[in-house]
Amino acid sequence: MATTLITGGTVVSATGRGAADVLIDGERIVALLEPGSTVLGANLTETVDRVIDATGKYVIPGGIDAHTHMSMPFGGTTAADTFETGTRAAAWGGTTTIIDFAVQKFGERVQDSLQTWHDMAAGECAIDYSFHQIIGDVNDESLRAMRELPGEGISSFKLFMAYPGVFYSDDAQILRAMQTGADTGLLTMMHAENGPAIDVLVGQLLAQGKTDPYYHGIARAWELEEEATHRAIMLAKLTGAPLYVVHVSAKQAVAQLATARDRGQNVFGETCPQYLYLSLEDQLGAPGFEGAKWVCSTPLRSKHDHHQDEAWQALRTNDLQMVSTDHCPFCMKGQKDMGIGDFSKIPNGIGSVEHRMDLMYQGVVDGKISLERWVEITATTPARMFGLYGRKGVLAPGAEADVVIYDPNGHTSIGVDATHHMNMDHSAWEGYEIDGHVDTVLSRGKVVVDDNTYLGRKGDGRFVRRDPCQYLI
Ligand code: DUC
Ligand code: ZN
Ligand code: ZN
């Protein structure tokens, strides 16, 4: 087993920072040492197999993106990144674990859908991966199957209050699934938007000739996110189910989560970079069909209502606990363009898996969050939330050596022209400049990105079995 010493860097955790050398043996961290430590009189730099100089740089746990959709069939097409291309792009951006979603479609057995996703990912991933289970058809059989998920290393499942006729669950189904989840130690994840009401508004807008991508954001009004978030919280309270609301974008939904947390309920929320930086007017409202690049659900919100500022604030105060991407990329040509003349036919999704660590680091540079909070919301809390902590999300003896060396004096230009690595013909982040750079990435001790060179290999990433949520109040 090769030994590696990362020297000279500042190790940053969710709780602090300090000068330390990180000693790795094979796939695991064995020690955090005072810089320049000797062992039995010998300088470690002379005895290890490899020394990585991190002078002037931050050494952080590898990012965990807990919300991705590689190769997801959706909106009449399939998400453009496969497990191979998507995990490679993730590695480039300092993310060393993804948690994707196995999708049980209507009429399908849960176990079969999970197997399908295992088959899709096995041997393809550059970094470690796990799955949440989407339950798209809540019935007696799928509820029984949910009880087997912990044994499969799956500790979370997701329901949709949106997309009637596709993934949608009604309140009775939600109630039953939450009861089973609570009983089985599963974390309930929720896409909280009132789908039936959205569909009425979509039909009315299209009938009025309002077909541009901008109207996607109008149909998916914040009131319908707030209402669904409140309903999910109440059903969770009744059933005792811990609840994690995905891709929170409306400040009113944040307020619902905060109120529930203040009364002690196990309720959590994630937001995504797009809701922190992008807006209904500037992106969805871009001229012509351009706005299709930013059609995602929940939608981008109005810049005039301060949703972005409130989301940053909520990240600071822990009213929102973490940032994932909801990476679900579709190309403009042949995918997004299916919705020319009808915004409801634009496949929903934005690709960001490569940029999450950088975009959130820019929040540090801009004074929106602290350096420690950056690590917490991108790595440590995702690990705790989804039952990986100790193994991942922290640099400590015994943890797997998923490590990122981040250069605060480096620079990253984002975009297709800047040769991003996601399988997309455009970037939702074209032209973004980041005052930092992912220099070196280790995945379980193996260097997969080194100074702008990719050294990873598909198949190096393993399926990770997860424990129950470690973040309960
Ligand atoms: N939202 C998206 O934008 N894409 C995938 C599914 C979802 O809920
Ligand atoms: Zn969703
Ligand atoms: Zn999603």
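Select His 69 to begin: this residue is buried, with a relative accessible area of 4%. Buried here means under 20% relative accessible area, whereas exposed means over 50% and partly exposed lies in between, for a 1.4 Å probe and protein chains only. The model is predicted, so local features need pLDDT of at least 70 and side-chain atom pairs count only at pLDDT 80 or more, while totals for chains, interfaces and linings use all residues. Residues are numbered from 1 along each chain as its sequence is written, chains are lettered from A and ligands numbered from 1 in the order in which they are written, and side-chain values use heavy atoms, with hydrogens and water left out.

**The zinc ions**

Next, select the zinc ion (ligand 3). Its protein donors are His 67 (NE2), His 69 (NE2) and Asp 326 (OD), at 2.0 to 2.2 Å. Donors are N, O and S atoms within 2.8 Å of the metal (3.2 Å for Na, K and Ca); because water is not among the atoms, sites may look incomplete. Along the sequence, these donor residues follow the spacing H-x1-H-x256-D. His 67 is buried, with a relative accessible area of 0%.

Move to the zinc ion (ligand 2), which lies 3.8 Å from the zinc ion (ligand 3). His 191 (ND1) and His 247 (NE2) coordinate the zinc ion (ligand 2) at 2.1 to 2.2 Å. This pair links distant parts of the chain: His 191 belongs to strand β16 (residues 187–191), His 247 to the loop between β17 (243–245) and α9 (251–262), and 56 residues separate them. Both His 191 and His 247 are buried. Helices (H or I, at least four residues) and strands (E, at least two) are DSSP runs, numbered from the N terminus.

**The sheet**

Now display the open sheet of 8 strands, ordered β10-β13-β14-β15-β16-β17-β18-β19 with parallel pairing. At its edges stand β10 (63–68) and β19 (322–323), each with a single partner strand, so one side of each has no neighbour in the sheet. Two strands pair if DSSP finds at least two bridges between them. Select β14 (residues 128–135) and β15 (residues 156–160), which pair in the parallel sense over 2 bridges. Gln 133 has Phe 157 in β15 as its bridge partner.

**Helix α13**

Helix α13 packs on the sheet and touches β10, β13 (95–104) and β19; its direction makes about 115 degrees with that of β10. Contact means heavy atoms within 4.5 Å. Axes are lines fitted to C-alpha atoms, for helices over the stretch in contact, and angles run from 0 to 180 degrees between N-to-C directions. Finally, select residues 356–365: 9 of the 10 residues of α13 are buried, so the helix is largely enclosed by the rest of the structure. Among the buried residues are Arg 356, Asp 358 and Tyr 361.
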